[in-house]
Amino acid sequence: MAEYTDPHGDRADEEMPELSDGDDDDIEDDEEQWQWLEEEDSQPVTCLFCDRLLNSVTATLQHCRAEHQVNLVDVIRKHSLDDYGYIKMINFVRSTKCDASCLTGLPDAPLPWESEDFLRPVQQDDPLLQTDPEELCGIEESSMSVCPLSGAGSHDALLQRAQAAEERSRLSEEALSRAMDDLHKLKLLAQGLVLNAETSRSGNLGTVAELREDEDEAYFSSYGHYSIHEEMLKDKVRTESYRDFMYRNPEVFKDKVVLDVGCGTGILSMFAARAGAKKVIAVDQSEIIYQAMDIVRSNQLEDKITLIKGRIEDINLPVEKVDIIISEWMGYFLLFESMLDSVLYARDLYLADGGSVYPDLCNISLAALGDTQKHQDRIAFWDDVYGFNMACMKKAVVPEAMVEVVKADTLISEPTVIQTIDCNRVCLSELEFASDFCLKITNTTDCTAVVGYFDIFFDRGCSNKVMFSTGPQVTKTHWKQTVFLLDKPVPVQAGEELRGKITVRKNKKDPRSLLVTFDLRDRKQTYSLQ
């Protein structure tokens with residue numbers, strides 16, 4: 001086994017003074033080492049009692065004796081100050097700016113610097129704090145050397161200095177930790193002020209466009225894996241509706257420049273190219289775009305389709321204007337994820353006069369549900385859990401909207417449209433809205449929830465119009481339906497009208513999520529979609 005040799009050993013031996021073992025023969029070596037320490041500490045020192053700047057600790061001691069009639073070594077010895085006491089005294093004098101006479105007339109106890117607060121340095125890198133009180137005693141006895149110490153005394157002195165340095169380090173770390181906590185609180189405050197600001201900013205930017213890339217990373221990362229794209233592609237209602245719209249209306253796409261916002265695997269871009277588009281620009285920030293590039297090449301469409309990685313708000317297109325914007329931007333309850341914000345940004349910046357966004361029309365609808373069993377399973381369940389009352393859990397359970405497939409036979413009202421969005425005309429601010437609604441009840445039962453869904457239309461300029469619905473009475477889609485469970489069921493009668501008000505707004509702390517508030521029968525409940 002090779003012998004280990006410290007590559008820095010020689011240099012370490014030169015810098016680190018050896019400790020005395022107490023033998024008389026080593027006293028001279030100790031004196032030289034302490035003199036070396038004193039030379040290292042020979043740096044400018046500000047006097048304790050005036051603004052005079054001295055060139056060393058020794059000169060400072062002499063100045064205090066001559067000009068201020070106070071001998072610091074006498075004070076140290078009189079009160080038997082150890083390292084901590086000495087440090088406190090220096091910081092006490094510097095912080096209180098007391099007169100020199102206050103040190104000479106002090107009683108034996110208590111000392112005015114007993115508080116632990118005086119361990120905190122007043123001056124940064126104060127040479128007086130870096131000097132051992134025993135070393136000061138030696139400096140006092142001789143200007144050329146320091147008092148020799150026994151091996152044990154030398155060891156104890158170094159140990160005390162190390163402990164004092166450790167205490168100063170601890171205090172500094174605590175101060176740094178408090179400063180970092182304050183900085184974090186200020187950061188959160190600033191973020192809160194930004195996210196909750198009611199005033200609109202310049203231009204057409206919305207809250208999603210204002211998100212930094214790192215703040216929006218989780219959203220785009222969720223679309224980087226193939227599984228979510230597989231789910232969407234296998235949703236035949238969704239994918240075939242886009243395909244049929246483009247293939248059945250080739251006159252809309254012939255020789256047009258098309259922008260695909262959030263292209264994913266590039267399926268819509270390829271539909272557009274096959275429908276006759278002259279050029280298609282496909283944009284996506286998620287990593288899936290690299291697969292899309294391979295897919296486009298595999299289908300020999302690279303001469304028509306240009307793919308760009310990035311957020312539409314952050315990139316520059318290779319053209320000034322486009323004729324058509326296509327996008328599959330819809331989220332749960334239509335507006336979840338706020339991707340329509342990005343489509344509207346692209347529309348306002350790039351869409352040519354006479355151009356169109358597709359899909360161009362969307363409806364959001366509500367209906368009443370009467371599903372006692374589901375309410376029992378999700379809400380009433382907490383009233384008695386193995387003999388224990390956990391009803392307090394309802395406060396956490398009820399406000400979370402559920403995304404699931406609703407059985408058509410649980411519908412107890414006719415649907416009602418609460419909002420219609422024209423993607424070619426709507427403003428960003430109109431994506432947050434309040435609407436009164438009236439549900440015409442068809443069954444006498446208990447209303448246990450309200451269900452929401454949306455319908456999509458490809459209409460403008462189309463000779464063959466296409467639409468699809470995500471409602472519970474038609475073929476299910478990957479959007480399913482959004483269910484808002486009531487805290488307590490509401491008794492309803494067939495033929496009556498259940499009136500209420502719905503408010504939909506972005507969550508200012510996370511603008512891609514939604515807050516939906518229902519006012520129903522003198523009850524008010526806010527639900528989150530996130």
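How many cavities of 30 Å³ or more does the count come to? In this predicted model, the count comes to five.

**The second largest cavity**

The second largest cavity has a volume of about 70 Å³. Its lining is made up of Leu-369, Asp-371, Lys-374, His-375, Glu-404, Val-406, Thr-410, Thr-448, Ala-449, Val-483 and Leu-485. Sorted by class, these lining residues are five nonpolar, three polar and three charged. At least two residues of the lining come from each of α16, β12 (445-458) and β14 (481-492).

**A surface patch**

α16 (372-378) also marks one end of a loop that runs to α17 (394-397), and Phe-388 is found in this loop. Phe-388 belongs to a nonpolar patch on the surface, together with Tyr-386, Met-390 and Met-393. The four residues have about 480 Å² of accessible area together. Phe-388 counts as exposed because its relative accessibility is 56%, and the cut-off for exposed is over 50%.

**A buried histidine**

His-79 lies in another loop, the one between α4 (72-78) and α5 (83-96). His-79 counts as buried because its relative accessibility is 11%, and the cut-off for buried is under 20%.

| Residue | Relative accessibility | Class |
|---|---|---|
| Phe-388 | 56% | exposed |
| His-79 | 11% | buried |

Technical notes: Residues are numbered from 1 along each chain as its sequence is written. This is a predicted model: local features need pLDDT of at least 70, side-chain atom pairs count only at pLDDT 80 or more; totals for chains, interfaces and linings use all residues. Side-chain values use heavy atoms; hydrogens and water are left out. Patches are made of residues with over 30% relative accessible area and no salt bridge: like charges are joined within 9 Å, nonpolar side chains (Val, Leu, Ile, Met, Phe, Trp, Tyr) within 5 Å. Accessible areas come from the Shrake-Rupley method with a 1.4 Å probe; for residues, only the protein chains shown count as cover. A salt bridge is a side-chain nitrogen of Lys or Arg within 4 Å of a carboxyl oxygen of Asp or Glu. Helices (H or I, at least four residues) and strands (E, at least two) are DSSP runs, numbered from the N terminus. Buried means under 20% relative accessible area, exposed over 50%, partly exposed in between (1.4 Å probe, protein chains only). On a 1 Å grid over the protein atoms alone, a cavity is a set of points where a 1.4 Å probe fits but cannot get out, and a pocket is an open set with protein on both sides within 12 Å along at least five of seven lines; lining residues have an atom within 4 Å of a point. Grid points are joined across faces, edges and corners, and a volume is the space filled by probe spheres set on the points. Ala, Val, Leu, Ile, Met, Phe, Trp, Tyr, Cys and Pro count as nonpolar, Asp, Glu, Lys and Arg as charged, and the others, Gly among them, as polar.
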